[in-house]
Amino acid sequence: MFEKRPQLLYFSLFFILYELTVYLSNDMIMPAMPQVVREFQASNRTIGLSLSLFILGGSMLQIFLGPIADRIGKRKVMLAGVALYLVATLFVPFSATIAQFLSARFFQGMGSCFIFIGYAAIHELFDDADAVKLTAMLSNTTVFAPLIGPVVGSAVISIAPWESIFGIGFVLGSIAWLGLFAFMPRADTVKPRADLASIRASYLTIVRNKKFMSGILVAAMAITPLTAWIGLSPVIIMEHMGKSYGTYILYQLVIFSGFILSTMAIQKLGHGFSLTRLIRQGAGLAVIGMLGAGLVHQHGHLFIICMFIFSAGFGLFNGALIRLSLTATGVSMNLTSSAMSLLYCVYIAAGVQIYNLVCAQFNYSLASYALFNVPLGLALGVCLMRFAKNHDQQEPALAQSPQAE
């Protein structure tokens, strides 16, 4: 993948670091959120709201960033985005009220708006098979953060104030900015200025594409249960179930290791693997896991095993689902990725808030979360199978994609 272009290796590594840093800045604070809401004299419902606002912040800029990236290049936009994240991260620890904390988290979440720029570059710089493999590896950062985030966050708040967590995010983000500045590929040419009419037409083409719209909706449906678990599990496990920090961390490790194991398995596949087959196999595991979690929710350890199965299934189909969705429109990858990121974040933020409202009605019991997964799991399975069926004729084997800037 990187044999002939080592610069792409370094770019990919520093992009991974930035993506990991953005997600860590959210996941490291989660063990401390009960402490944060007590300090600000707020309710537990604020914990889920904090996550929703962080995600929603990540949806605010994409519709503008795509055209800007087409005009001035991905590199400049990416570097500006990392700088915005660094500034916002500095403001969070100085919050004096819960409203200020939530507002700062919203603006910090805007740092994730720029992650799609890196993914767009990868989908243009690599062929289908390598793009799916690298995307699967990059997606591990989304799951690796919930694995190590609670561990690091718990360790930090045991010896220092919760504000120190954002200092870690600032340092890691600064390293990522320096690496991207040094190694992110530059655009070869300056593209002509795009007029608003052509941008509007391109976005209309994207949102009218049924394969793209259905794929992104299904992708958001699939990740929402895991995202909601990240936000609600501190209250569910440590307050409602009365478990320790150690049990909370162990549960996270088991659940999200399923995703990592399945994406590691994808790396072993040859160039001829079928994307729709990955979607079907992953869908089967995901549905079994979600339904099982609902059935055995009274037994905490069995519930966690079922969530591990769901996470593994999600890891199998996620990269393939995103790839087929992004390449379905025939429009600029920058604009397509920006539309994807916007819709993805809005769907997930809304889904997390629905989970938050439902679980709040039942005092954040494990049953309220697990049983809500059952109808969602059934709907997800049906949608994934239909999506795979609609794409069966598209890819007998993976084609080589043209290299871009």
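This is a selection-by-selection tour of a predicted model.

Residue numbers start from 1 along each chain as its sequence is written, and side-chain values use heavy atoms, with hydrogens and water left out. Local features need pLDDT of at least 70 and side-chain atom pairs count only at pLDDT 80 or more, while totals for chains, interfaces and linings use all residues.

**Stop 1: the cores**

Select Trp 162, Trp 229, Phe 303 and Tyr 369. These have the most contacts inside the largest nonpolar core, a set of 96 residues. A nonpolar core here is a set of buried Ala, Val, Leu, Ile, Met, Phe, Trp, Tyr and Cys residues joined through side-chain atoms within 4.5 Å. Buried means under 20% relative accessible area, exposed means over 50%, and partly exposed lies in between (1.4 Å probe, protein chains only).

Next, colour helix H11, residues 210–240, which gives the most to this core, with 17 residues. Helices are DSSP runs of H or I with at least four residues, numbered from the N terminus.

Now centre on Trp 229. Leaving aside residues up to four places away in sequence, Trp 229 touches Ile 236, Ile 237, Gln 252, Ile 255, Phe 256, Phe 303, Ile 304, Leu 366 and Tyr 369; contact means heavy atoms within 4.5 Å.

For the second, separate core, select Phe 15, Ala 69, Val 82 and Leu 180, which are among its 29 residues.

**Stop 2: the cysteines**

There are zero disulfides in the structure, a disulfide being a pair of cysteine sulfur atoms within 2.5 Å. Select Cys 345 and Cys 113: the sulfur of Cys 113 is the nearest cysteine sulfur to Cys 345, at 6.6 Å. Cys 345 counts as buried because its relative accessibility is 11%. Cys 383, at 28% relative accessible area, is partly exposed.

**Stop 3**

Show Ile 63, Phe 64, Ile 68 and Ile 72 as a surface. They form a nonpolar patch with about 350 Å² of accessible area together. Within this group, Ile 68 lies in helix H4, residues 62–72, and is partly exposed at 38% relative accessible area.

**Stop 4**

Select Gly 109 in helix H6, residues 98–109. Gly 109 is buried, at 0% relative accessible area. Not counting residues up to four places away in sequence, Gly 109 touches Phe 54, Gly 57 and Gly 58.

From Gly 57, go to Val 346: the two are 289 residues apart in sequence, yet 9.1 Å apart in space, C-alpha to C-alpha. Val 346 sits in helix H15, residues 333–361, and is partly exposed at 34% relative accessibility.

Note on methods: Helix = DSSP H or I, 4+ residues; strand = E, 2+ residues; numbered from the N terminus. Patch = residues over 30% accessible without salt bridge, like charges linked within 9 Å, V, L, I, M, F, W, Y side chains within 5 Å. Areas by Shrake-Rupley, 256 points an atom, 1.4 Å probe, with all protein chains shown as cover. Salt bridge = Lys/Arg side-chain N within 4 Å of Asp/Glu carboxyl O.
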